[in-house]
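The following exercises are to be worked with the sequence and the structure at hand. Each task is followed by a solution in steps.

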Amino acid sequence: MGSSILKIVILAVVLSSYATSQTIQEKFYQCIIVNSELAIPFSTAFSTPENASFTTILQSTAQNLRCLTPSIPKPQLIFTPLIENHVQAAVTCSKELNIHLRIRSGGHDYEGLSYMSEDEQPFIVLDLTKLRQVSVDIPDNTAWAQAGASIGELYYRIAQKSKTHGFPAGLCPSLGIGGHLTGGAYGPMMRKYGLGADNVIDARIVDSSGRILDRESMGEDLFWAIRGGGGGSFGIILAWKVRLVPVPATVTVFTVSKTLEENGTEIIKKWQEVADKLNEDLFIRVIMQVVEGSEKGSKTVQTSYNALFLGGTERLLDVMKTSFQELGLTKKDCVEMSWIESVLYIAGFPSKTPPEVLLQGKSLFKNYFKAKSDFVRKPVPEEGLNGLFERLMEEDSPLMIWNPYGGMMSNISESETPFPHRKGVIYKIQYLTLWNDDKQESEEKHVDWIRRLYSYMRAYVSKSPREAYVNYRDLDLGMNKNGSTFIEASLWGSKYFKDNFSRLVRVKTKVDPDNFFRHEQSIPTLPLLSEK
């Protein structure tokens with residue numbers, strides 16, 4: 001009897017010693033196996049830094065190479081769920097083992113917050129790339145899309161079934177739909193139909209308790225918060241149900257470019273006057289770049305007017321003649337095509353690219369970059385434009401994109417969803433600077449330039465607060481550090497969400513009181529409320 005007890009004690013000591021000597025990866029894998037409905041071979045869904053495939057998987061959808069430099073902390077493990085229950089298990093195991101979790105659907109987070117973490121160590125990346133089923137129901141005018149699907153895949157599957165249905169979301173087809181819609185999701189049909197988030201009618205998420213919830217079971221407060229309140233704060237999006245919108249069988253696109261020497265300043269001044277007042281079928285964004293000037297060795301700024309019109313060329317020319325004849329649009333500038341072909345055109349794919357390329361989910365834009373955003377409520381005067389152009393020509397590879405508002409965007413209340421940038425916005429600015437290497441001095445040089453440009457533009461953009469777009473994540477606006485207070489987080493929260501920030505904090509405190517879902521700019525909790 002005594003020897004049996006001794007054997008049990010020895011076995012317990014050995015098992016305890018083995019458990020404490022296990023790596024984080026081993027513990028997490030074993031926990032996932034215990035909590036999963038479907039067994040997963042380690043090699044199928046897990047990758048560690050010791051695996052040859054690790055770097056390839058980490059970089060597979062990451063868009064901003066600045067967030068992958070050697071000095072940036074890397075995850076201990078990348079877990080790629082195969083079914084929804086695996087996501088539930090990941091939440092359970094992350095909490096049990098006290099391992100921080102980052103969630104990635106498309107990898108487009110501008111500060112890399114879906115796959116890197118400066119403050120939370122160790123951490124694991126939950127990569128949803130294999131949860132990408134899309135189901136389109138044309139008679140019901142709806143579609144379900146899992147979080148790992150790209151927005152381009154959704155577009156393609158809609159077009160497969162109908163030439164007269166579409167969805168009003170992003171211009172970049174490699175965007176992961178899971179994260180894209182959490183920030184609002186604007187695109188070239190926003191002036192007609194609003195944002196992607198405005199056309200979400202249901203969702204499936206995993207909450208901080210590991211439960212799968214739909215709209216009915218999560219309640220309207222949480223459903224409100226996830227449609228524009230930013231990713232990574234309230235739960236893990238599994239899938240969205242969206243409302244499809246009608247599109248003409250034939251749409252028209254054009255791109256007309258003008259340099260400063262070609263009356264570019266006067267044309268952009270006129271665009272500012274009319275951009276938000278044009279027919280809601282017409283979306284004309286402005287892409288600003290620095291190009292070679294007319295004299296050898298000189299530089300100038302080129303403004304490219306890149307447009308989608310929900311209709312044919314003749315009606316478009318009538319609209320332009322009435323509202324924006326200064327651009328000088330002609331019939332030969334216009335190209336008629338199907339809506340799905342216009343998706344490829346706006347995204348920058350070469351002419352005649354087959355739509356099947358959308359199924360690859362690959363980004364045409366993969367660079368070292370830093371970005372910022374602004375919203376403009378009064379036209380920038382000529383003096384301000386001239387100063388802007390001078391500063392653009394100081395930089396190696398700057399890019400600015402001005403996206404028009406108005407139309408349906410002005411008809412939706414600021415509090416309808418957390419996305420508040422509605423009535424009164426003429427256009428949104430996206431600032432970008434790009435470079436080609438991972439040297440620290442390169443990053444410092446270009447980031448310093450864009451910060452100075454952003455400072456210069458302060459006088460010409462929205463104020464109190466100076467608004468920003470949460471899907472153009474910018475950590476310069478502020479970061480959570482060791483449990484930031486509501487007041488501290490308001491510095492950036494008010495810029496992204498205006499008065500909606502307070503409601504987001506209340507929802508967060510209710511549904512995730514322990515702040516399990518967190519990152520450098522996640523919605524904070526209110527400690528006093530969470531203790532009650």
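Helices (H or I, at least four residues) and strands (E, at least two) are DSSP runs, numbered from the N terminus. The model is predicted, so local features need pLDDT of at least 70 and side-chain atom pairs count only at pLDDT 80 or more, while totals for chains, interfaces and linings use all residues. Residues are numbered from 1 along each chain as its sequence is written, and side-chain values use heavy atoms, with hydrogens and water left out.

**Exercise 1. Confidence**

Determine the mean pLDDT of the chain, and state over which residues pLDDT stays under 50.

Step 1. pLDDT is the predictor's confidence in each residue, from 0 to 100. The chain has a mean of 93, and 95% of its residues reach 70 or more.

Step 2. Residues 6-19 stay under 50, and the model gives this stretch two contacts (heavy atoms within 4.5 Å) beyond four places in sequence. Where pLDDT is low, the predicted coordinates should not be read in detail.

**Exercise 2. Helix H16 and the residue after it**

Compare the span of H16 with that of a straight helix, then describe Lys498.

Step 1. The expected span is 1.5 Å times one less than the number of residues.

Step 2. Buried means under 20% relative accessible area, exposed over 50%, and partly exposed in between (1.4 Å probe, protein chains only). The buried residues of H16 are Ala489, Ser490, Trp492, Gly493, Lys495, Tyr496 and Phe497. Their cover includes helix H17 (500-511).

Step 3. Lys498 follows H16 and sits in the loop between H16 and H17. Its phi is near 50 degrees, a positive value in a residue other than glycine. Lys498 counts as buried, at 17% relative accessibility.

**Exercise 3. Other backbone features**

Where does Asn263 lie, and which prolines follow a cis peptide bond?

Step 1. Asn263 is placed in the loop between S12 and helix H11 (264-274). Its phi, near 70 degrees, is positive, and at 46% relative accessibility Asn263 is partly exposed.

Step 2. The bond from Gln121 to Pro122 is cis, with omega near -10 degrees; Pro122 belongs to the loop between strands S3 (100-104) and S4 (123-127).

Step 3. The bond from Ser464 to Pro465 is also cis, with omega near 5 degrees, and Pro465 is in the loop between helix H15 (440-456) and H16.

Step 4. Most residues other than glycine have a negative phi, and most peptide bonds are trans.

**Exercise 4. Val256**

Is Val256 buried or exposed, and which residues does it contact?

Step 1. Val256 is part of strand S12 (residues 251-259). With a relative accessible area of 9%, Val256 is buried.

Step 2. Apart from neighbours within four places in sequence, Val256 touches Thr303, Ser304, Tyr305, Leu327, Leu329 and Asp333.

**Exercise 5. The largest cavity**

Which helix gives the largest share of the lining of the largest cavity?

Step 1. On a 1 Å grid over the protein atoms alone, a cavity is a set of points where a 1.4 Å probe fits but cannot get out; lining residues have an atom within 4 Å of a point. Grid points are joined across faces, edges and corners, and a volume is the space filled by probe spheres set on the points.

Step 2. There are four cavities of 30 Å³ or more, and the largest holds about 100 Å³.

Step 3. Helix H13 (residues 339-347) gives the largest share of that lining, four residues. Among the lining residues are Tyr155, Phe167, Leu308 and Trp339.

Definitions and conventions. On a 1 Å grid over the protein atoms alone, a cavity is a set of points where a 1.4 Å probe fits but cannot get out, and a pocket is an open set with protein on both sides within 12 Å along at least five of seven lines; lining residues have an atom within 4 Å of a point.
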